[in-house]
Amino acid sequence: MPSFDSLFNAFVTILVTIDPPGLAPLFLAVTRGMNRDERQQVSVRASVIGFLVMALFAVAGASILSVFGITLPAFRVAGGFLLFFIAFEMVFERRQDRKEKIGDVAITKDMIHNIAAFPLAIPLIAGPGAISATVLLSGSFQGFAAQAALVGIIFVCLAITYLVFVLSERIDRILGQTGRSILTRLLGVILAALAVQFVADGIKALMAG
């Protein structure tokens, strides 16, 4: 069973890459015009789909990489750079702009019935950053008990995301533009540090091999 530090590190990494507070205003945007019951259905479906996608990569991430002949240390370096790029976007608020554009596309195409799957579940919840982080973490969570713990962490992160969706109107009002900006930048700095650690561990493993 992984140590508490490993579990906490995994929890922070996945939660930051999903970025539930940043999704709150986008959830409100893409569900504009829906009543409370319809938003509830969308939030449940989006959270379930996001969980299933990320759980798949948590359990079979290494197998998926091996099909393409990619070693875990190599993916660790590449994934670390990708996470660092996402962290850079968060610190300089470019990620939020990109997410809002995705939300606008969904509304203009009138994809109300499929909105839980796209763009909420994929790519806003289970996006490239969250999937990369999950695959990277799966390399450190070997064995049934460890994988079950990682899936449990993903479940907790998606449960938090679901709660954010349910409370999105309140959260958006409380945080406001300034609060969201500060929180996003703070999470971006944390993610940048985690990304550097992934790259360092990957390079060390590649040199040892």
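The dialogue below asks how the descriptions of this predicted model are reached.

Visitor: What kind of model is this, and what are the ground rules?
Guide: This is a predicted model, in which local features need pLDDT of at least 70 and side-chain atom pairs count only at pLDDT 80 or more, while totals for chains, interfaces and linings use all residues. Residues are numbered from 1 along each chain as its sequence is written, and side-chain values use heavy atoms, with hydrogens and water left out.

Visitor: What makes up the secondary structure of the protein?
Guide: Helices (H or I, at least four residues) and strands (E, at least two) are DSSP runs, numbered from the N terminus. By that rule the protein has nine helices and zero strands.

Visitor: Why is Thr 134 called buried?
Guide: Buried means under 20% relative accessible area, exposed over 50%, and partly exposed in between (1.4 Å probe, protein chains only). Thr 134 has 0% relative accessibility, so Thr 134 counts as buried. Thr 134 sits in helix H7 (residues 128–138). Of the 209 residues of the protein, 45% count as buried.

Visitor: What does Thr 134 touch, not counting residues up to four places away in sequence?
Guide: A contact means heavy atoms within 4.5 Å. With those sequence neighbours left out, Thr 134 touches Ile 14, Met 54, Phe 57, Ala 58, Leu 150 and Ile 154.

Visitor: What makes a nonpolar core, and which residues touch the most other members of the largest one?
Guide: A nonpolar core is a set of buried Ala, Val, Leu, Ile, Met, Phe, Trp, Tyr and Cys residues joined through side-chain atoms within 4.5 Å. The largest has 50 residues, and Ile 14, Ile 18, Met 54, Leu 120, Leu 150 and Ile 154 touch the most other members. Elements giving two or more residues to this core include helix H1 (4–18), helix H4 (72–91) and helix H9 (168–208).
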